[in-house]
Amino acid sequence: MKGLRRNLKRLLSSLSREKYDMADELQSHIEMQAEDNLRAGMPPEEARRQARLKFGGLDSVKESYRDQRGLPWLETTFADLRYAARGLRKSPAFTTVAVLTLAIGIGANTAIFSLVNQLLLHPPGIDHPERVVGVRTRYLKINLEFNGSSSSNLPDLRSSTNVFERAAISQRADLNYADGPAPERLRGAMVSAEWFDVFGAKPLIGRVFTAQEDQPNLNRVAVLSYGSWTRVFGADPNVIGRVVQLNQTPYQIVGIMRADFELPWNTDVWTPIGLEPQLYSPQNRFNESFFLAARLKPGVSFDQGQAWMQVLTDRVYNSGTPGAAIAKNGNWSISLVHFTDDSAGDNKSAVVLLLGAVALVLLIACSNIAGLMVARTSVRARELAVRVALGASRSRLLRQMLSESLLLAITGGAIGLVFAAGAVRLVLHLAPENAVAGLNSSLDVYVMLFCAGATIASAVLFGVTPAWQVSRADLQGSIKMEGRTNTSDSGRQRLRSLLVVGETALALALLMAAGLFLRSFLRLQTVNPGFNPKGVMTAMYRLPLAQYAGGRDQANFNRALLANLRAGSGVIATGLGYPAPFSGDNEAGSFQIEGQVLAPDDPGPHGNRRFISPGYMEALGIPLKRGRYFTDQDRIDAERVTIIDEDLARQYWPTEDPLGKRIRMGGNGAPWLTVVGIVGHVMDSSLASDSGKGVYYFSLFQRSIPGATIVVKTSGDPNLMTGVIQDAVRTADPHQAVHTFGTMDYYISRSLDTRRFGMRLLGFFGVVALFLAALGLYGVISYSVAQRTREIGIRMALGAEHRSVLALVVGQGFRLAAAGVAIGIAGAALMGRYFESQLFQVRSSDPLTIFATAGALLGAGLLASYLPARRAVRVDPAVTLRTD
Amino acid sequence: MPQESSPEKSDVWQGTLALMVLKTLNALGPLHGYGIARRIEQTSENLLSINHGTLYPVLLKLEQEGSIDSEWGVSENNRKAKFYRITKSGKKELTAAEREWQRANDIMARFSALKGESA
């Protein structure tokens, strides 16, 4: 306790640097003694001498006083830092370049890390995200894997209290809210009672659902998201307890969530799912229309949870129920996925790649600064040598060099943090909305720690080279050489050259990656999606089941809507369909082929399915290969028909003509559908990859659904079709909301957003890297020209032409750049394997890209060495020979 | 002029100076450094010789530990001087240290009282 207090005092004294009054006190002591001596009868001279003798060594007392007063090591460190600050202030150009380079490097890293952190490590709004998992379903036999789950898995997870703390399901269910000025669609999620607890999300106001409310007909309560509360209800806190009409059904609002929680999707309103008990029974095992999320118990690892899912899977296999056969036939299984991995989706590999790229930029920045510091040390070689001669130990000098690095890094890091705050905001602003939904721009403690780590790592990276150089340099030599070019100086220059070669190699690798992604992107834009998006406007609607319970009601609405749309002015073709391409929705199912006998363990044919009205394929320009499109005559009372695409035809009728063949879904007793048309395959949600699954189409008027996407084709500006669609819906039902307007071109372009954005960022980092590498080369060549001024002067005095001097200097720079490019190409070839999977129809060894990036770097290298070379030939030989 | 340097004069043992300072300040109230040095010499009846300089690091340490306080004031001869005063925690420290010393003394005394068998 005593010791602690004392050390604290010492620390404070060291920090405060207050002037202390010890000298006065000691002086007064000696004088008092001298006075006493005088009184005792000594002569004045002797009295003072004796007083000093009695006191002992004044200086050694002062020194031991000083040592005890503060913490000497801390004061030395401060002194080093002060000294470093003075040194840096004296060379403002070096300091500015170094600090800014670092700030950009650290700032960019911190900004990208902030995205990684929020997407993968610590997503906002989730408590202990590493314990939150989603459940995936897989049918290995039919090559089907998706993030859906059956509701009957929920009781199994909830009763696994050894593994899971909480589990809940959710299902998307958009709601019409018609109390406002215009009917509005709210993005809804029906959730089971524990949904919010799975994520550890707490309401801002009010409460979430009770288990009581999660039952059929008792579930007329709603929780609002912060977004919809402010947007639709004007952030009125009295909204709690109010009853509102959603889908023309009364719901009481019981709570409002905080702004950082909108799961499972960008939810506006949550309602209890209130499923009938039989939907949780094993009979419903293979209806995967829910999303199942769970929270692992503390102390249970992901792998343990995964192993438990195998146990649950095996239980179904061994249950002896009809489900066991289905599971066996499809090779069914359920497994866990990290919720953060799942929600980050495609963005995961993109942000990790970007983090790698931006780390390379920092590495280049650091080697640049290392080069600058090496040059600085050679300027200071004399000073250092003098200090060694005066008795400074090498470790002391080393400590000072490192203090300078640390001071630079900390300043750069601090400014970098400010940059990062701005950069994150900029990135979130520029990034596609769906890639960064729910992310915020505040820098949390993990990001701060990362920034600090990057700062220290940088200090080590660029501080270690000059420090190593000081520790082994022949400092005595520097004194003798009177500042002229000497051997240790050429060693330094070689070190800087090595750094520049390394930088160039890194920059090339980074630029090449950017180039490869650019090439992929250009290739992607030429991909034919299987339909013609030009001039097509789309919008969505969903009929509330309370008013449109029966297929006949739904069909009537759809028919009226279609008639209104066709009558719209400027409409060339129009139709309804679900799910529309590039909408993000999908539907799939097994079917039977008439006359086909399946082996006992064959799960049967399977494909994606679409529900479409007549006119839909014409509006989208899906090419008819054979047979016919749907017509208005394909009604409930006519022959049941289906259209298939070429992929499905190839897959299940490889040797026969599928036209006229019959298929059915929904098991025995379901009606047979005759194949009347074969159309081209439509890409589903991505130009880069296709599920490869064949598609079969139902007529919307033979198999009704309560909502669809409206597609309208026009010859003019598709945006003008918005009004036509709104009018058509309003005329069909004034209470019905229509939402999510967007052109087909927009949806296709949006599917490339993440790629486009990643490519741009990568390109930006590539250009920064190129610039930094050129800057490094410029520094080395400039310095070398300055060192060789005399030599160049002599050459020119002896008659060398400007051209040959230029060639001499530029050649030196070019050789360095070429060495870097050669190493970089080799490195990029190795690195390319890691991201080749993210490229599209471009090999990582694409010659055009290699050629272009190598050219860019060599060009930059030539420019960077030409500028100092031009300075060299302007030198007046007479002047240079006289100096030095 | 020769100092009264007798061969029996002892040096101050390490660590005991702090105790002497505390004891002196406790008995005599606030004193400046020179005063403390003089008192210690007087109390030991000039058997102890201390380099007055060594007193100051000890005073600093005691002050940092919170056992004493200091304040600038004016000496009896109208000279500016820093006066030291024992604090409450210093008094506690002193009591504890005195007890330690007393015990050590008692033990040593018992050993000193042993009669040599072959004496």
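The C-alpha centres of domain 1 of chain A and domain 4 of chain A sit 98 Å apart, with domain bounds taken from an automatic or database domain assignment. This is a predicted model, in which local features need pLDDT of at least 70, side-chain atom pairs count only at pLDDT 80 or more, and totals for chains, interfaces and linings use all residues. Residues are numbered from 1 along each chain as its sequence is written, while chains are lettered from A and ligands numbered from 1 in the order in which they are written. For the complex, the predictor gives an ipTM of 0.81 and a pTM of 0.70.

Chain A is assigned domain 1 (2–70), domain 2 (129–344), domain 3 (349–525 + 753–882) and domain 4 (548–734). As for where chain A meets chain B, the contact takes 25 residues from chain A and 20 residues from chain B; two residues are in contact if their C-beta atoms, placed from the backbone, lie within 7 Å. On the chain A side, the elements giving two or more residues are helix H1 (2–16), helix H2 (22–39), helix H3 (44–55) and helix H4 (58–69). Helices (H or I, at least four residues) and strands (E, at least two) are DSSP runs, numbered from the N terminus. H2(A) supplies the largest share of that side, eight residues. Sorted by class, the side of chain A that touches chain B has seven nonpolar, seven polar and 11 charged residues. Here Ala, Val, Leu, Ile, Met, Phe, Trp, Tyr, Cys and Pro count as nonpolar, Asp, Glu, Lys and Arg as charged, and the others, Gly among them, as polar.

Now to chain B itself. Its average pLDDT (the predictor's confidence in each residue, from 0 to 100) is 79, and 84% of the residues score at least 70. Residues 1–7 of chain B fall below 50, and this stretch has three contacts in the model beyond near neighbours in sequence. Where pLDDT is low, the predicted coordinates should not be read in detail. Chain B has four helices and three strands, and along the sequence they follow the pattern α-β-α-α-β-β-α. Of its 119 residues, 26% count as buried. A residue is buried if 20 or more other C-beta atoms lie within 10 Å of its own, exposed if 12 or fewer, and partly exposed in between, with C-beta atoms placed from the backbone.

The strands of chain B form an open sheet in the order E1-E3-E2, with antiparallel pairing. Strand E1 (31–32) and strand E2 (68–74) of chain B each have a single partner strand and stand at the edges, so one side of each is left without a neighbour in the sheet. E2(B) is joined to strand E3 (residues 80–86) of chain B by seven bridges, the two running antiparallel; strands pair if DSSP finds at least two bridges between them. Within this pair, Glu71(B) stands opposite Phe83(B).

Back in chain A, strand E24 (residues 707–714) is mostly covered, with seven of its eight residues buried. Strand E14 (residues 536–542) of chain A runs antiparallel to E24(A), joined by seven bridges, and Thr538(A) stands opposite Val711(A). Strand E15 (residues 571–578) of chain A also pairs with E24(A) in the antiparallel sense, over six bridges; there, Val571(A) stands opposite Thr714(A).

The largest nonpolar core has 97 residues, and those touching the most other members are Val361(A), Ile364(A), Ala507(A), Leu508(A), Leu510(A), Ala769(A) and Leu777(A). A nonpolar core is a set of buried Ala, Val, Leu, Ile, Met, Phe, Trp, Tyr and Cys residues joined through C-beta atoms within 7 Å. Helix H13 (residues 347–379) of chain A gives the most to this core, with 18 residues. A second, separate core of 60 residues includes Val676(A), Tyr696(A), Ala708(A) and Ile710(A).

Ile823(A) lies in helix H27 (residues 802–835) of chain A and is partly exposed, because 17 other C-beta atoms lie within 10 Å. Leaving out residues up to four places away in sequence, Ile823(A) touches Val501(A) and Ala505(A). Ser228(A), in helix H9 (residues 226–233) of chain A, is buried, with 21 other C-beta atoms within 10 Å. The C-alpha atoms of Ser228(A) and Val269(A) are 7.4 Å apart, though 41 residues separate them along the chain.
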